[in-house]
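Student: Please take me through the reading of this model, feature by feature, giving the general idea before the case at hand.

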Amino acid sequence: MIRRIYEHLLKSSISKSNLPGCVAVVLGSADLSGNGLSRLCQLLDWSRSIGLSALILYVSDDQPGLCRLLQGLLASYPARISLHTAEDVVRTGTIGPLKVDISLGYGGKREVVEAFRSILREVEEGKIDGNRIDERTIESHLRFCQKPDLVIRAGGKRLSDFMIWQAAYSELYFTDVNWPAMRKIDFLRAIRDCQSRDRRFGR
């Protein structure tokens with residue numbers, strides 16, 4: 001009962017007009033086993049309940065069959081969901097205001113390397129002037145176009161290499177709570193903490 005009251009107070013303290021445009025959550029390699037899968041569905045529910053528009057999850061290891069499992073699990077979920085592996089992008093979910101990207105073992109270093117390879121090919125083909133390559137050129141060739149306002153690391157103090165380009169000026173939030181044990185109040189605390197910060201964007 002007390003937890004529900006506290007959860008309600010936390011939710012009411014979050015400003016709808018100042019929500020992060022995109023939130024990224026970084027998980028460990030085994031976080032989607034056991035209770036971790038049901039927690040993922042709950043995270044989507046929590047995000048929708050406060051009105052988030054974009055959510056990105058990163059799992060550092062693409063376990064065999066995980067993409068197919070998530071595709072089936074989320075097939076009827078009211079959100080636009082994309083599952084990213086190193087080789088492919090699989091769409092699932094239905095429709096709704098929430099856009100969800102789930103990266104399975106597709107890290108930031110690989111993403112940047114593939115972006116540069118793509119740019120070099122286009123330079124060779126004469127589609128891009130090599131002397132005019134700038135930040136916008138690189139960003140247009142990355143698989144993930146969003147720049148997360150907030151990156152949450154569940155159950156650890158270290159970040160992965162996920163979205164190393166896009167998250168350069170993101171706010172970072174570390175929680176000691178392991179992913180399978182994460183509660184809605186832990187998620188709401190992260191959102192509230194982000195809203196209380198004076199963002200400087202590297203300045």
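Student: Which strands does helix α2 lie across, and at what angle does the helix run to β2?

Tutor: Helix α2, residues 35–50, lies across β1 (23–27), β2 (54–59), β3 and β5, and its direction is at about 160 degrees to that of β2. Helices (H or I, at least four residues) and strands (E, at least two) are DSSP runs numbered from the N terminus; axes are lines fitted to C-alpha atoms, for helices over the stretch in contact, with angles from 0 to 180 degrees between N-to-C directions, and contact means heavy atoms within 4.5 Å. Bear in mind that this is a predicted model, in which local features need pLDDT of at least 70 and side-chain atom pairs count only at pLDDT 80 or more, while totals for chains, interfaces and linings use all residues. Residues are numbered from 1 along each chain as its sequence is written, and side-chain values use heavy atoms, with hydrogens and water left out.

Student: In what order do the seven strands form the sheet?

Tutor: Strands of a sheet pair through backbone hydrogen bonds, either parallel or antiparallel. Here the order is β4-β3-β5-β2-β1-β6-β7, in an open sheet with mixed pairing, where two strands count as paired if DSSP finds at least two bridges between them. The edges are held by β4 (89–93) and β7 (171–175), and because each of these has a single partner strand, one side of each is left without a neighbour in the sheet. On average, neighbouring strands of this sheet are turned by 20 degrees against each other, direction ignored.

Student: How many bridges join β3 to β5, and in what sense do β3 and β4 pair?

Tutor: Strand β3 (residues 80–84) runs parallel to β5 (residues 99–104) and is joined to it by five bridges, with Ile-81 finding its bridge partner in Val-100 of β5. The pairing of β3 with β4 is antiparallel, also over five bridges, and these two strands form a hairpin with four residues between them. On the β4 side, Arg-91 is the bridge partner of Ser-82.

Student: How many salt bridges are there, and which parts of the chain does the pair of Arg-197 and Glu-171 link?

Tutor: Side chains of opposite charge can pair when their charged atoms come close. With a salt bridge taken as a side-chain nitrogen of Lys or Arg within 4 Å of a carboxyl oxygen of Asp or Glu, the count comes to ten. One of them joins Arg-197 to Glu-171 at 3.0 Å, N to O. This pair links distant parts of the chain, since Arg-197 belongs to the segment after α6 (184–196) and Glu-171 to strand β7, 26 residues apart. Arg-197 counts as partly exposed because its relative accessibility is 27%, whereas Glu-171 is buried, its value being 14%; buried means under 20% relative accessible area, exposed over 50%, and partly exposed in between (1.4 Å probe, protein chains only). Salt bridges that share partners bring Glu-171, Asp-193 and Arg-197 into one network.

Student: What are the N to O distance and the exposure of the partners in the pair of Asp-129 and Arg-132?

Tutor: Asp-129 and Arg-132 meet in a salt bridge at 3.9 Å, N to O; Asp-129 is partly exposed at 39%, and Arg-132 is exposed at 67%. In another pair, Lys-127 and Glu-125 have their closest N and O atoms 3.2 Å apart, and both residues are exposed.

Student: Where do Gly-155 and Met-163 lie, and is each of them buried or partly exposed?

Tutor: Both are in the loop between β6 (150–154) and β7. Gly-155, at 32% relative accessibility, is partly exposed, and leaving aside residues up to four places away in sequence, Gly-155 touches Thr-175, Asp-176, Val-177 and Asn-178. Its C-alpha atom is 7.4 Å from that of Phe-174, which is 19 residues away in sequence. Met-163, by contrast, is buried at 1%, and its phi is near 55 degrees, a positive value in a residue other than glycine.

Student: Which residues form the nonpolar surface patch?

Tutor: The patch consists of Met-1, Ile-5 and Leu-9, with about 360 Å² of accessible area together. Met-1, in the segment before α1 (2–13), is exposed, with a relative accessible area of 76%. Patches take residues with over 30% relative accessible area and no salt bridge, joining like charges within 9 Å and nonpolar side chains (Val, Leu, Ile, Met, Phe, Trp, Tyr) within 5 Å; areas come from the Shrake-Rupley method with a 1.4 Å probe, and for residues only the protein chains shown count as cover.
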